[in-house]
Amino acid sequence: MSKRAYNFCAGPAALPEAVLLRAQAELLDWHGKGLSVMEMSHRSDEYVAIAEKAEQDLRDLLAIPSNYKVLFLQGGASQQFAQIPLNLLPEGGVADYVDTGIWSRKSLEEARRFGNVNLAASGKVCNYFDIPAQSEWQLTKGAAYLHYASNETIGGVQFDWVPESAEVPLVVDMSSDILSRPIDVSRYGLIYAGAQKNIGPSGLVVVIVREDLIGHARAACPTMLDYKVAAEHASMYNTPATFSWYLSGLIFEWVKEQGGVAEMERRNRAKQELLYRFIDGSDFYSNPVAPAARSWMNIPFRLADEKLDKAFLAGAEERGLLNLKGHRSVGGMRASIYNAVGLDAVQALVTYMAEFEKERG
């Protein structure tokens, strides 16, 4: 095994080393075929088998019911901000959106380009450090759907509960926490997730959509953005992101080999508890998010004196602790600890944080 750095990047994020090594071994000659997956026709029997196995493994991992379609699309989660209202929000209808941070706000702003959007709740009232209780939400009777982001990568705020949506389809952006712990897919109308966190490399977005929500796209919806077209063509209406899809399939296999999503939950719980416990026990570091709304995946923290930020980051890089700089919109630090980031990485980070505090605190 090569010596690899500890990568705390928010995305594109760390990938399991075992998966990278397997992809490396198969790069020039996939299963004795004499060519790379990147050179393979997406219509070939070999690639169709790769795609079908990836879908089945994801279905197994999340126990996806048979009345849901699983789509492997392009454009990332940001394209879904438009694709969702084009498919689910009828002319004259209303969609409810919950704003808990930058990504949910981007989805809301994009949806407003296509129809009526009701801001059901906003974390602005608590400086985006908490999630308003659902009892405070202003929901629309008969809304086309209710949209929220389960985890905000930048602010480090995460839902630890699933909103009640009655007869209204629940639509969720799970880009940064899918596969991190078990979910009940049947509670959602549509789940979407950009790949570059827990699923695989960038270039792909996975959409899990209930069948009854397909086939209602507006007449003006581009063919490429119609879920019905994607479903009817097994996500291959055009040439898909074949290598990203293949690598995602390898990661689904890896998650299964590790013990599935339940094991990912156990590991992720241990990692976030270790880091938050250290931060909370220190006068030198701080995290402003309400404990009940703290993200397991993205942990922002600040130093007592921001003038020390550059020195902290330089020392971290010297120790192979990479990509800890916080998002430019909020500053400070951020440790993204997705599935492929092991407990050893978090232990190494905590050790360094303690050393830096001792030296500079």
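User: Let's start with Y246: does Y246 count as buried or exposed?

Analyst: Buried means under 20% relative accessible area, exposed means over 50%, and partly exposed is in between (1.4 Å probe, protein chains only). At 4% relative accessibility, Y246 counts as buried. F243 has 22%, so F243 is partly exposed. A caveat: this is a predicted model, where local features need pLDDT of at least 70 and side-chain atom pairs count only at pLDDT 80 or more, while totals for chains, interfaces and linings use all residues. Residues are numbered from 1 along each chain as its sequence is written, and side-chain values use heavy atoms, with hydrogens and water left out.

User: Where do F243 and Y246 sit along the helix?

Analyst: An α-helix has 3.6 residues a turn, so residues three or four places apart point the same way. F243 and Y246 are three residues apart in helix α6 (residues 242-258), so about one helical turn separates them. Helices here are DSSP runs (H or I, at least four residues), strands are too (E, at least two), and both are numbered from the N terminus.

User: How do I read a ring pair?

Analyst: You describe a pair of aromatic rings by the distance of the centres and the angle of the planes. Rings of Phe, Tyr and Trp (its six-membered ring) pair if their centres lie within 6.5 Å; planes under 30 degrees apart are stacked, over 60 edge-to-face, and the rest tilted. This structure holds 18 such pairs. The F243 and Y246 rings have centres 5.4 Å apart and planes at 40 degrees, so that pair is tilted.

User: And which kind of pair do F284 and Y285 make?

Analyst: Their centres are 4.9 Å apart and their planes at 85 degrees, so the pair is edge-to-face. F284 is buried at 7% relative accessible area, and Y285 is buried too, at 3%.

User: Which rings have a charge sitting over them?

Analyst: The test is NZ of Lys or CZ of Arg within 6 Å of the ring centre and within 35 degrees of the ring normal. The charged end of R105 sits over the ring of Y128, 4.9 Å from its centre. R181 has its charged end over the ring of W296, 4.0 Å from the centre.
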